[in-house]
Amino acid sequence: MIALAVHRPVATFMFFLGLIVLSLVAASGIGVEYLPEVSMPRLIVAASYPGLPAAEVRVLIAIPLEDALSSAKALKHISSISREGLATITLEFHWDSDMKMAAVEVREIIDVAYPSLPSDTKKPLVLPADPDDDPVMIVGLFPKEGDLALARRLAEREIKTRLQQAQGVGTVTLVGGVDEEIRVLADQESMASRGLALEDLSNAIGSANYDYPAGTITEGGNEYLVKASGSVDAAWKTGQFPGPAANGGSPYKVGDIATIRTEPRERKSSFCQDGREGVALELRKRSGVSPVAMSRNVSSELAALKDCYGKDLDVVVERDASRFVAESIQDLAIAVAIGAAIAFVLLVLFMRDLRIALVMISSVPISIVAALFLLRLAGRTANVMSLGGLAMGLGMMVDHSVVVVENLQRRFRLEGRAVDPDAVVAHAH
């Protein structure tokens, strides 16, 4: 191989040129992450009992489940957190454990222990611990007129759907805002005068508050489905629902026996930034998608959202983890470039041969693109660890090259011979 490279310089140059072009094309689509994908040997068991205080959750749910799950194989550590209405148990296994089999075993243990839990406890869920579960982006929606209900309604019905359609987006979670509900306050005197009970009022609303199919319509070569819409989306519609008369009484509407109004629902979350309250959308990426690529796609969609909802909402990107990833990769690339430049200057100063310094330093970009090409073939991503290892490998390669070239020059000086291709091949062998 050395003889071929020395005696065929044009072919060698074309080979490496083709390698560079092929590697650049293949590496252009390589994923970019901050850290490599790691499968954590952890499982999370979540059991809920709505309305139960934290102290009772610990005694009635967390401790029995911990006692049962402690018998799982290859279990290294177990811990739990008890909150109001929720017990979260974290199971940590040894690194060489088969997590699929561990999850199956944990579910079998839960099936055995579940009947001993309080009857109102929901079936515990077994979830994997995903280190990439943190949101990549957090988008804040701040109403210009302070109408949190409007911000929540637009985010839930329109903006969330558009962001989910962006390429690479996995799930979108809403936080904060005010969600509205329709409250029906029964007038006991009016109901008593008509001989009605609360159950009659409930049945009257339930019987009218639903959508149902109404057949099809054929027009030309097209057939359309027809739906009769009766679901509630406004308080005044609820008041128009008819109610059946009791004991031969006169018909009535729900609005005749109850006061109906739209009120804010009890809030379970809030989102504030710089003294402003609004709605947050937490965007998580799909598995195998680069956060940088997802952020790029979402940013283009946000530009369109600002044009559509700019009159009512301020759309602000509160957090973008991909920026940190891109900046880390960029800083590492700059460090590699600076190191290569310093190495080139030192080679010229100490070896006093510009051609040798150029040949040696040209191996750096060739090695980089070739390594990225191999990462793409292996399905890996470019991250801080892989690029950091690449930088260390490049440093070792340059060091070894300096040693080899310096030894060759020393031998030629001792032997009094000129540096020629045949001599290089002979000493290489």
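Begin with the aromatic pairs, of which there are 2; rings of Phe, Tyr and Trp (its six-membered ring) pair if their centres lie within 6.5 Å, and planes under 30 degrees apart count as stacked, over 60 as edge-to-face and the rest as tilted. Select Phe-15 and Phe-16: their ring centres are 5.3 Å apart and their planes stand at 75°, so this pair is edge-to-face. Phe-15 counts as exposed because its relative accessibility is 55%, whereas Phe-16, at 34%, counts as partly exposed. Here buried means under 20% relative accessible area, exposed over 50%, and partly exposed in between (1.4 Å probe, protein chains only).

The model is predicted: local features need pLDDT of at least 70, side-chain atom pairs count only at pLDDT 80 or more, and totals for chains, interfaces and linings use all residues. Residues are numbered from 1 along each chain as its sequence is written, and side-chain values use heavy atoms, with hydrogens and water left out.

Next, select Leu-43, Val-45, Leu-69, Leu-91, Phe-93 and Val-106, which touch the most other members of the largest nonpolar core, a group of 25 residues. Such a core is a set of buried Ala, Val, Leu, Ile, Met, Phe, Trp, Tyr and Cys residues joined through side-chain atoms within 4.5 Å. At least two of its residues come from each of β1 (42-48), α3 (54-69), β3 (86-93) and α4 (99-113); helices (H or I, at least four residues) and strands (E, at least two) are DSSP runs, numbered from the N terminus. The largest share, 7 residues, belongs to α4.

Finally, move to helix α11, where the buried residues include Val-325, Ile-329 and Leu-347. Arg-352 follows α11 and has a positive phi, near 55°.
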